[in-house]
Amino acid sequence: MDRHRRALSHAHGGRRHAARAATAGIPVAFLAVFFAWPLVAILRRSLVVDGSLDVPVDVLTASSTREIAWFTLWQATVSTALTLLAGLPLAWALARFSFRGRSVVEALVLVPFVLPTIVVATAFLALLPDGVERSVWAILLAHVFFNVAVVVRVVGAFWAGLDQRLWDAAATLGAGPVARSLRLTVPLLAPALAAAASIVFLFCFTSFGVIVVLGGIHYATLETEIYNQAARLFDLRTAAALALLQLAAVAAVVVVSGALERRLGGARRPGRPAPRPTGRRRVAVVTIVAVSLGLLSLPPLALVVRSLQVSGGYGLDHFAALFDATPALLVTPWHAVLNSLLFATTAAAIALAVGVPAAVSVARGSRGLDALLMLPLGASAAMLGFGFVLAFADPPLDLRSSIWIVPLAQALVATPFVVRSLAPALRARDPRLPEVAAVLGATPSQVRREIELPLLARPLAVAAGLAFAVALGEFGATVFVVRAEWPTLPVAIFRFLGRPGADNVGTAMALCVVLMALVTAAALVSQRAIGRASR
Amino acid sequence: MTLALEGIDVQLSGRRIVEDVSLEVPSADRLAVLGPSGAGKSTLLRVVAGLERPSAGRVLVDGRDVTRVPAHRRGIGLVFQEAALFPHRTVAENVGFGPKVAGLPRADREARVAEALELVGLAGTGERDVTTLSGGEAQRIALARALAPRPSILLLDEPLGALDGPLRLRLQEDLRALFERLALTVVHVTHDVGEAFALGDRVAILRAGRVAQTAAPDDLWAHPEDDWVARFLGMRNIRRDGDRATVVRPEAVRVQPGEGATVLACDRDGAVVRVRLRRDDGVELDALAVGVGAPALGSRVSVEVDPAGVVDVPVWRGPLDTAPDRE
């Protein structure tokens with residue numbers, strides 16, 4: 001009897017395992033072909049010559065490589081420190097207090113993070129005066145602008161989740177404001193600070209759009225130098241060696257940041273609602289929010305203003321020029337807009353097809369897949385693009401002339417975002433709701449249709465919107481793989497910026513405004529479209 | 001409809017949660033399954049509902065074996081501890097869910113919803129958003145939702161567990177009236193002795209996955225199966241002697257001013273006062289007094305034990321040997 005029972009429960013478990021393996025299979029297969037294979041191609045190109053191992057020592061030890069590596073590290077470190085300094089006051093104000101319009105402020109703070117890097121870079125070109133606009137300061141400022149949202153989001157959410165009563169308890173035990181900050185706030189926030197810092201560092205270390213636009217010819221990071229060597233100088237060997245270096249550095253950062261993030265644990269609940277600020281704190285909160293929002297809105301505003309600036313006044317000339325043929329592109333700029341929409345839609349669909357089953361597996365507790373999926377996020381866009389160029393140039397998968405290579409590359413970059421936004425929602429599902437529905441007589445398909453899908457409609461819409469926005473703004477990988485007759489918006493912007501003349505810059509600004517509007521619209525629509533069903 | 005469980009065994013990830021449980025609930029009868037947390041009560045309920053497949057044993061409804069019938073075809077209602085309302089639907093949509101998936105026409109559905117809301121005393125709340133309901137309201141809506149498909153058997157998993165105080169008492173009374181009115185066969189799981197006694201015609205005590213005793217509340221109180229059951233029900237006058245234990249029910253201990261014992265503690269719980277005494281021979285006893293004028297702390301009293309309230313039971317030596325003290 002006992003053996004019979006065990007056999008029964010095994011048969012049960014076996015079926016479940018098979019279903020789970022199938023769910024994980026799609027993302028694993030996708031990553032194997034479009035992520036692992038390009039990485040292998042990079043390794044082969046950099047380490048194997050004529051079938052034998054040949055480490056490119058000369059490239060790795062060259063003084064130019066050392067300089068580039070040093071600058072990459074340096075700018076990422078300083079950018080991270082500045083971002084923390086800029087973001088913490090806002091995190092404090094948003095986490096510790098409730099005030100009218102707080103949710104609006106929270107949403108506005110996130111906007112820069114959704115903006116494509118090329119738009120951010122161009123906005124700083126528009127904002128900064130001549131002489132500063134292509135300098136290390138411009139790079140640092142753009143990185144801060146882009147990443148403040150990470151600090152506010154990661155540290156703020158953690159801070160808001162800490163029980164306010166801890167501070168009350170400390171006060172009743174005789175701790176003054178300074179003692180409370182040093183002995184309570186700082187140690188409690190340490191894991192969140194470390195996690196936020198590691199994420200920001202990773203983004204700045206692998207930053208591409210900001211560096212190529214604002215760094216000009218004077219400043220290069222590993223990421224931009226890979227592009228420079230591969231796409232401009234056609235020195236694939238040097239590019240591959242640099243990619244190898246970048247891969248090692250990024251892997252180290254990803255491991256560290258993953259460990260730091262895990263220490264954060266899940267969401268907590270505050271002990272009681274945040275109070276309204278009073279007295280001096282009220283002044284502080286109002287000042288912080290006003291100054292932060294003011295500074296964050298400057299670059300986009302400057303972009304809009306510059307896009308409307310024409311010789312001798314303001315007008316829509318630059319936008320009108322989007323419909324004209326131009327020597328910068330093989331098609332009109334308007335076609336780039338259409339290409340971008342087409343590619344991003346396809347990429348979002350692919351990212352969802354891969355990301356939804358992946359998120360299901362991750363929500364079930366598959367740590368391995370979680371880590372695996374975050375790799376493309378860290379692996380840096382230019383490296384992926386370069387890997388694509390190397391891997392898919394020959395049969396069996398020759399995608400060089402295929403129109404699919406662009407959405408595939410964009411989907412690879414967008415998939416981690418889908419998984420990250422969907423997995424928590426999947427994990428937070430109440431397992432009893434499908435059971436209640438079943439007991440009430442709903443068939444498994446009715447349970448899916450009536451309960452599970454409607455409950456996931458909003459998270460799915462958010463994930464889709466995010467994937468679309470990321471694909472729309474993707475630049476680092478796309479610029480490697482896109483064909484000249486199919487430019488995307490970010491690539492078109494880059495081409496215009498690379499040409500002399502105020503008109504070209506104006507057209508780039510106009511394209512940036514269009515891209516910014518599209519990305520913002522995608523974000524807004526995905527948050528709101530699902531009106532009643534998502535209540 | 002009658003419900004019968006025969007030799008139910010459940011293993012979850014290698015652990016035996018429920019062992020060889022057999023129970024019978026006659027039609028329109030109410031069974032309370034009482035036990036400490038972790039005894040396997042909820043798992044047993046999930047087996048009856050069809051949410052969990054037993055590794056052995058059968059579930060019979062009116063003599064028909066439904067062990068392999070999936071939950072959605074069993075027609076058995078279930079109310080969870082914390083309501084578990086569908087957050088994306090209104091009250092009416094929650095209550096109307098069962099009739100809807102059963103394919104009832106709209107007019108019939110609306111009638112069922114109105115009827116079910118009326119039954120739980122929340123008529124007219126149909127358009128409300130379920131997230132705005134209070135705890136007691138949510139639990140009533142969950143009950144209405146379970147009743148709307150008109151199940152013949154209703155299962156309740158700690159339905160009052162998330163509520164407290166007067167609200168809990170009121171809902172308990174309402175439930176009892178409702179069960180009688182609808183002539184429902186009910187299985188109701190709880191860890192609360194008072195709730196089990198109030199809502200169950202019979203009470204099955206579940207201990208470490210096995211049924212320790214099944215009896216009507218009065219019989220259970222009069223003749224606990226062993227000293228563990230007596231202690232779990234709240235009796236404290238238990239003296240072990242080898243393999244036997246003597247249980248003195250507190251209401252059999254009569255106290256009057258006099259000599260022979262000292263009052264150690266007096267705990268008032270409503271009309272009842274639980275008096276803790278130490279007899280001069282060193283034995284401690286619990287007694288129950290009613291009303292006002294209970295003996296004062298430290299005062300001297302005489303103790304008389306009604307022999308009808310003394311039970312001789314075997315000592316329980318199995319798992320949870322010493323655990324169930326409800327202090």
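**Briefing**

In chain A, Val491(A) is found in helix α21 (residues 489–497); helices (H or I, at least four residues) and strands (E, at least two) are DSSP runs, numbered from the N terminus. This is a predicted model, in which local features need pLDDT of at least 70, side-chain atom pairs count only at pLDDT 80 or more, and totals for chains, interfaces and linings use all residues. Residues are numbered from 1 along each chain as its sequence is written, while chains are lettered from A and ligands numbered from 1 in the order in which they are written.

**Confidence**

- The model scores ipTM 0.79 and pTM 0.77.
- Chain B averages a pLDDT of 89, and 98% of the residues score at least 70; pLDDT is the predictor's confidence in each residue, from 0 to 100.
- Over residues 323–327 of chain B, pLDDT stays under 50, and the model has 7 contacts beyond four places in sequence for them. Two residues are in contact if their C-beta atoms, placed from the backbone, lie within 7 Å.

**Val491(A) and its surroundings**

- Val491(A) is buried, with 22 other C-beta atoms within 10 Å. A residue is buried if 20 or more other C-beta atoms lie within 10 Å of its own, exposed if 12 or fewer, and partly exposed in between, with C-beta atoms placed from the backbone.
- Leaving aside residues up to four places away in sequence, Val491(A) touches Thr478(A), Val479(A) and Val482(A).
- Val491(A) and Val40(A) are separated by 451 residues in sequence and by 27 Å in space, C-alpha to C-alpha.

**Domains of chain A**

- The domain assignment gives chain A domain 1 (59–216 + 265–305) and domain 2 (314–376 + 399–535); such bounds come from an automatic or database domain assignment.
- The C-alpha centres of domain 1 and domain 2 of chain A lie 24 Å apart.
- In chain A, 16 residues of domain 1 are in contact with 17 residues of domain 2.
- On the side of domain 1 of chain A that touches domain 2 of chain A, the largest share, 6 residues, comes from α5(A).
- By class, that side of domain 1 of chain A has 13 nonpolar, 3 polar and no charged residues. Ala, Val, Leu, Ile, Met, Phe, Trp, Tyr, Cys and Pro count as nonpolar, Asp, Glu, Lys and Arg as charged, and the others, Gly among them, as polar.

**Contact between the chains**

- 24 residues of chain A are in contact with 20 residues of chain B.
- β6 (76–79) and α3 (97–101) of chain B each supply at least two residues of the side of chain B that touches chain A.
- That side of chain B has 13 nonpolar, 6 polar and 1 charged residues.

**Strands of chain B**

- Strand β3 (residues 30–34) of chain B is mostly covered, as 5 of its 5 residues are buried.
- From β3(B), Arg30(B), Ala32(B) and Leu34(B) point one way and Leu31(B) and Val33(B) the other way.
- β3(B) pairs in the parallel sense with strand β8 (residues 185–190) of chain B over 5 bridges; two strands pair if DSSP finds at least two bridges between them. The bridge partner of Leu31(B) in β8(B) is Val187(B).
- β3(B) also pairs in the parallel sense with strand β9 (residues 202–207) of chain B, over 4 bridges, and Leu34(B) stands opposite Ile205(B) in β9(B).
- An open sheet of 4 strands in chain B has the order β2-β1-β4-β5, with antiparallel pairing. β2 (15–25) and β5 (64–65) of chain B each have a single partner strand, so one side of each is left without a neighbour in the sheet.
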